[in-house]
Amino acid sequence: MKIYVSAFLYLALLIIHVLPARAEQYYYKQICLEEGLPPTVNCMLRDKYGAVWIGTRKGLGHYDDNGLKMYKNDEGNLHSLPGNTVRHIVEDKQQNIWILTNKGIVRYRRQYDDFERIVTEDGKNGVTYSACP
């Protein structure tokens, strides 16, 4: 019996010394009001590229290696958000980002850094209140 206990202790000590202890290191950045993020966040999404999308009552935030960029409704621009209250953000299998606002649905166009509005047959903004990924 002593041989088994000694062998077990020897193996345990060997494993402890042979396998180096590895601590995971995480990097985080706190985004604050001074950087332009509104105080109330409705929803968030981390996309396949690592960017964080932040839906607020005052627009859509996009945070990546370049910092925080805010998107808002611009009445004269059909490629802006249709409304500033972002209710939900979803990424589909093709890495399209869909944003549901209080006044319509848009798809983010990466190549142009703007949005394509989804409209009904009669030309009105499509509206929904929830989405499933």
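Along its sequence, the protein follows the pattern α-β-β-β-β-β-β-β-β. That comes to one helix and eight strands. Helices (H or I, at least four residues) and strands (E, at least two) are DSSP runs, numbered from the N terminus.

The model is predicted: local features need pLDDT of at least 70, side-chain atom pairs count only at pLDDT 80 or more, and totals for chains, interfaces and linings use all residues. Residues are numbered from 1 along each chain as its sequence is written, and side-chain values use heavy atoms, with hydrogens and water left out.

**The whole chain**

The protein has 133 residues, and 30% of them count as buried. Buried means under 20% relative accessible area, exposed over 50%, and partly exposed in between, with a 1.4 Å probe and protein chains only.

Strand β2 covers residues 52–56, and five of the five are buried, so the strand is largely enclosed by the rest of the structure. Val52, Ile54 and Thr56 lie on one side. Trp53 and Gly55 lie on the other.

Two strands pair if DSSP finds at least two bridges between them.

| Strands | Sense | Bridges |
|---|---|---|
| β1 (residues 41–46) and β2 | antiparallel | five bridges |
| β2 and β3 (residues 59–64) | antiparallel | five bridges |
| β5 (residues 86–91) and β6 (residues 97–101) | antiparallel | five bridges |

Leucine 45 stands opposite tryptophan 53 in β2. Isoleucine 54 has glycine 61 in β3 as its bridge partner.

The hairpin of β1 and β2 has five residues between the strands, and its glycine 50 takes a positive phi near 95 degrees. The hairpin of β2 and β3 has two residues between the strands.

**Strand β5 and glutamate 91**

In β6, threonine 101 is the bridge partner of valine 86. The hairpin of β5 and β6 has five residues between the strands, and there glutamine 95 takes a positive phi near 65 degrees.

Glutamate 91 also lies in strand β5. Which side chain of opposite charge is nearest to glutamate 91? That is arginine 110, 4.2 Å away. A polar atom of the glutamate 91 side chain does lie 3.1 Å from the backbone nitrogen of lysine 48. Leaving aside neighbours within four places in sequence, glutamate 91 is in contact with several residues, including Leu45, Asp47 and Ile97.

Terms used. Lys, Arg positive; Asp, Glu negative; His and termini not counted. Salt bridge = Lys/Arg side-chain N within 4 Å of Asp/Glu carboxyl O. Polar contact = N/O pair within 3.5 Å; in protein donor to acceptor, adjacent residues only side chain to side chain. Contact = heavy atoms within 4.5 Å.
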